[in-house]
Amino acid sequence: MHTVLTRGNATVAYTLSVLACLTFCCFISTVFLDYRVPSNINTGKILVKNVPDYGASREKHDLGFITFDLETNLSTLFNWNVKQLFLFLTAEYRTNNNHLNEVVLWDKIILRGENTALDFKNINTKYYFWDDGNGLRNNKNITLYLSWNIIPNAGLLPTIKSIGSHVFGFPSEYAAAPI
C-alpha cells in the first residue's frame, strides 16, 4: 500500500495547508482596520545654520536644528496581529531645486506591552536636518508628520500617517556657526 514516507509526506502537506489557511485568516481579519490616530506635534527651538558638508563635498549647506513636543495615544493600534510599531517623525518641504523633500528626524520602536501613551516634551531630533542646498533658511512651509509601520504577525507592512501635522518656518537669518 503506502509507505511510511508517503503517509508522513501527506500529513506534513495537509498540516502546512491548514497553517497557511489559518495565517491567511489572521491576515484578512485585521487588514481592513483603520490604523490612523490623532497626534499633536509642536516645535520649540528653531535654528538654521549654513555649515560645510564634509561628508560629500566642502560646499556649505543648510543644517536645521529643532526641538519638538509630541503627544499621542497609540493603544488602539495594537491588536492580536500587531507585534510592534516603528514610529518616525518626517519633515516635508519644498525648495527651488526639489518639488518634495522628505527628511526623517526621529524614530522609535514600541513593542507590544510597552507604554503607548506618548507625551514627550522638548525632544531633540535624533538625525540631522540637512538640506542638499540652501533651502531651509526663510522656508516657512515645513510640515512635520508622525508616521508608523505596523509590524504584524501575518500580513502586509503598511506605512500610516497620523491624523494631524504641524507647519512651521525657519528664521530668515543664519545662526552663528561654531568656530
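**Reading a predicted model, feature by feature**

Colleague: Thanks! Where is the place of Leu157, and is Leu157 buried or exposed?

Modeller: Helices (H or I, at least four residues) and strands (E, at least two) are DSSP runs, numbered from the N terminus. Leu157 sits in the loop between β7 (142–152) and β8 (159–161). For burial, under 20% relative accessible area is buried, over 50% is exposed, and partly exposed is in between (1.4 Å probe, protein chains only). Leu157 has a relative accessible area of 54%, so it is exposed.

Colleague: Now a strand residue, please. Is Thr90 buried or exposed, and which residues does Thr90 touch?

Modeller: Thr90 lies in strand β3 (residues 82–93). Its relative accessible area is 8%, so Thr90 is buried. Setting aside residues up to four places away in sequence, Thr90 touches Glu102, Val103, Val104, Thr143, Leu144 and Tyr145.

Colleague: And Glu59: where is its place?

Modeller: Glu59 is in the loop between β1 (39–52) and β2 (60–73). With a relative accessible area of 51%, Glu59 is exposed. Not counting residues up to four places away in sequence, Glu59 touches Val51, Pro52 and Asp53. The C-alpha atoms of Glu59 and Ser17, which are 42 residues apart along the chain, are separated by 59 Å.

Colleague: Let us turn to the helix. How do I check the span of α1?

Modeller: The expected span of a helix is 1.5 Å times one less than its number of residues. Helix α1 (residues 4–30) has 27 residues and so should span 39 Å; its end C-alpha atoms are 40 Å apart, which agrees.

Colleague: Which residues of α1 are buried?

Modeller: First the general idea: an α-helix has 3.6 residues a turn, so residues three or four places apart point the same way. In α1, the buried residues are Cys26, Phe27 and Thr30.

Colleague: Which residues does UniProt list for "transmembrane region"?

Modeller: The unreviewed UniProt entry lists residues 12–33. UniProt positions are given in the numbering used here, feature names are shortened, and annotations may be inferred rather than shown by experiment. In the model, residues 12–33 are 86% helix and 0% strand, with end C-alpha atoms 33 Å apart.

Colleague: How is the protein chain divided into domains?

Modeller: Domain bounds come from an automatic or database domain assignment. Here they give domain 1 (1–30) and domain 2 (34–168). Taken over C-alpha atoms, the domain centres are separated by 43 Å. At the boundary, 5 residues of domain 1 are in contact with 7 residues of domain 2.

Colleague: How much area do domain 1 and domain 2 bury between them?

Modeller: Buried area is the accessible area (1.4 Å probe) that two parts lose on being put together, summed over both. For domain 1 and domain 2 that is about 490 Å², 74% of it on carbon and sulfur atoms. In domain 1, Cys26, Phe27 and Thr30 lose the most area to domain 2, together 85% of what that side buries.

Colleague: How many disulfides does the count come to?

Modeller: A disulfide is a covalent bond between the sulfur atoms of two cysteines. The rule used here asks for a pair of cysteine sulfur atoms within 2.5 Å. The count comes to 0 disulfides. Cys21 is in none; its nearest cysteine sulfur, that of Cys25, is 4.4 Å away. Cys21 is partly exposed, at a relative accessible area of 45%. As for Cys26, the closest cysteine sulfur, in Cys25, is 8.9 Å from its own, too far for a bond. Cys26 is buried, with a relative accessible area of 12%.

Colleague: Last one: what is phi of Asn122, and of Asn138?

Modeller: Most residues other than glycine have a negative phi. Asn122 has a positive value, near 55°; Asn122 lies in strand β5 (residues 117–124) and is exposed, with a relative accessible area of 55%. Phi of Asn138 is also positive, near 65°. Asn138 lies in the loop between β6 (129–130) and β7 and counts as partly exposed at 42% relative accessibility. Leaving aside neighbours within four places in sequence, Asn138 is in contact with Phe170, Pro171 and Ser172.

Methods. Residues are numbered from 1 along each chain as its sequence is written. This is a predicted model: local features need pLDDT of at least 70, side-chain atom pairs count only at pLDDT 80 or more; totals for chains, interfaces and linings use all residues. Side-chain values use heavy atoms; hydrogens and water are left out. Contact means heavy atoms within 4.5 Å.
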